[in-house]
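The sequence and the structure come first, and the description follows.

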Amino acid sequence: MSDEHCDDMLLLVQADVDGELSPAEAARVAAHLDRCAACSAAQADMLALSARLRDVPRYPASEALKTAVRARIASRAPVQRVQRSTPFGRVPAFASGLAVAACLMLVVGLPRGDDPADAIVAAHIRALLPGHLTDVASTDQHTVKPWFDGRLPFAPPVKDLKTVGFPLIGGRLDYFAGHMAAALVYRHAAHEINLFVWPDAADAAPSHGSINGYNYERWAQDGMSFWLVSDLNAADLADFSQRWKSL
Ligand SMILES: [Zn+2]
């Protein structure tokens, strides 16, 4: 770990990934990354996600959309509905619809609301990108648990649920909503399961729900906050959480 607060540093790392830092700030970030595995892992995630977003298909804006944008910039007034006064009016409307659809696809694919459940589901989706699921791939809890030593300022509990159908497949560092978190990865049939863990003094009430087809559960136990998320059905996910809590 390091002498600088990683939560503050990660804001700078994000700005660095976006190319917004002065050379002096960038050098400070680089020095921190050299000696902090957690922030390095977070930076690798950000770079991979940013590369992934650059691969999203783009569509040229229609003349109608360009005109509307220019008009909005000129007047600083809210965008007016695109005129459909010609027989071909539906064509530009459709083209700008494609651009809107591309944006919506991003919004739907990567939920980013204020609800912590949104951040958890987004972290789960991010983890499913190729090469991101595990930093340490092992079915042995006695390999995964010590791997977190020195990489996180807390020791996450690691349990093996293989005998009840949820084999451990590894662990990973993650970061979201202002927390460094341990992500424990399990599998059930073809479904990946992420269990995010971090220390939390507040005993948050248990809750569960579903976002974009991903089910989640949260609970607090022994001073830790747990968020479980998967595309696994809610009943099997509840089975997992019950078994985890009672082990
Ligand atoms: Zn750090």
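An open sheet is built from 7 strands in the order 1-2-3-4-7-6-5, and the pairing is antiparallel. Two strands count as paired if DSSP finds at least two bridges between them. At the edges lie strand 1 (136-137) and strand 5 (207-211), each of which pairs on one side only. The model is predicted: local features need pLDDT of at least 70, side-chain atom pairs count only at pLDDT 80 or more, and totals for chains, interfaces and linings use all residues. Residues are numbered from 1 along each chain as its sequence is written.

The protein chain has 8 helices and 7 strands in its secondary structure. Helices (H or I, at least four residues) and strands (E, at least two) are DSSP runs, numbered from the N terminus.

## Strand pairs and hairpins

Strand 4 (residues 191-199) is joined to strand 7 (residues 224-230) by 7 bridges in the antiparallel sense. Here Phe196 has Trp227 in strand 7 as its bridge partner. Strand 7 also runs antiparallel to strand 6, and 7 bridges join these two strands. Tyr216 stands opposite Val229 of strand 7. The hairpin of strand 6 and strand 7 has 2 residues between the strands, and Asp222 in this hairpin takes a positive phi near 50°.

Strand 5 and strand 6 are an antiparallel pair with 5 bridges. His208 has Glu217 in strand 6 as its bridge partner. Their hairpin, too, has 2 residues between the strands, and Asn212 takes a positive phi near 50° there.

Helix 8 (residues 234-246) lies across strand 3 (179-188), strand 4, strand 5, strand 6 (214-221) and strand 7. Helix 8 runs at about 20° to strand 6.

Two packed helices are described by the angle between their axes and the distance between the axes. Axes are lines fitted to C-alpha atoms, for helices over the stretch in contact, and angles run from 0 to 180 degrees between N-to-C directions. Angles under 35 degrees count as roughly parallel, over 145 as roughly antiparallel, 65 to 115 as roughly perpendicular and the rest as oblique. A crossing is left-handed if the near helix is turned anticlockwise from the far one by less than a right angle, and right-handed if clockwise.

Helix 1 (residues 6-17) packs against helix 2 (residues 23-35) at about 120°, and the axes are 10 Å apart. The two helices are therefore oblique to each other. Their crossing is left-handed. Met9, Leu12, Val13 and Asp16 of helix 1 meet Glu25, Ala26, Val29 and His32 of helix 2. The residues of this contact comprise 5 nonpolar, 1 polar and 2 charged. Ala, Val, Leu, Ile, Met, Phe, Trp, Tyr, Cys and Pro count as nonpolar, Asp, Glu, Lys and Arg as charged, and the others, Gly among them, as polar.

Helix 1 also packs with helix 3 (residues 37-54), at an angle of about 30° and with the axes 10 Å apart. Helix 1 and helix 3 are therefore roughly parallel to each other. The crossing of helix 1 and helix 3 is right-handed. From helix 1, the contact uses Cys6, Met9, Leu10, Val13, Gln14 and Val17, and from helix 3 Ala38, Cys39, Ala42, Gln43, Met46, Leu47 and Ser50. This contact has 10 nonpolar residues, 3 polar residues and no charged ones.

A residue is buried if 20 or more other C-beta atoms lie within 10 Å of its own, exposed if 12 or fewer, and partly exposed in between, with C-beta atoms placed from the backbone. Ala189 sits in the loop between strand 3 and strand 4. Ala189 counts as exposed because 7 C-beta neighbours lie inside 10 Å. Its phi is positive, about 55°, although Ala189 is not a glycine. Asn212, in the loop between strand 5 and strand 6, is partly exposed, with 13 other C-beta atoms within 10 Å.

Ala204 lies in the loop between strand 4 and strand 5. Ala204 has 13 C-beta neighbours inside 10 Å, so it counts as partly exposed. Not counting residues up to four places away in sequence, Ala204 touches Arg218, Ala220 and Ser225; touching, or contact, means that the C-beta atoms, placed from the backbone, lie within 7 Å. Ala204 and Arg218 are 14 residues apart in sequence, and their C-alpha atoms are 8.4 Å apart.

## The chain as a whole

Of the 247 residues in the protein chain, 26% are buried. Among contacts between residues at least 6 apart in sequence, 55% join residues at least 24 apart.

Technical notes
Two residues are in contact if their C-beta atoms, placed from the backbone, lie within 7 Å.
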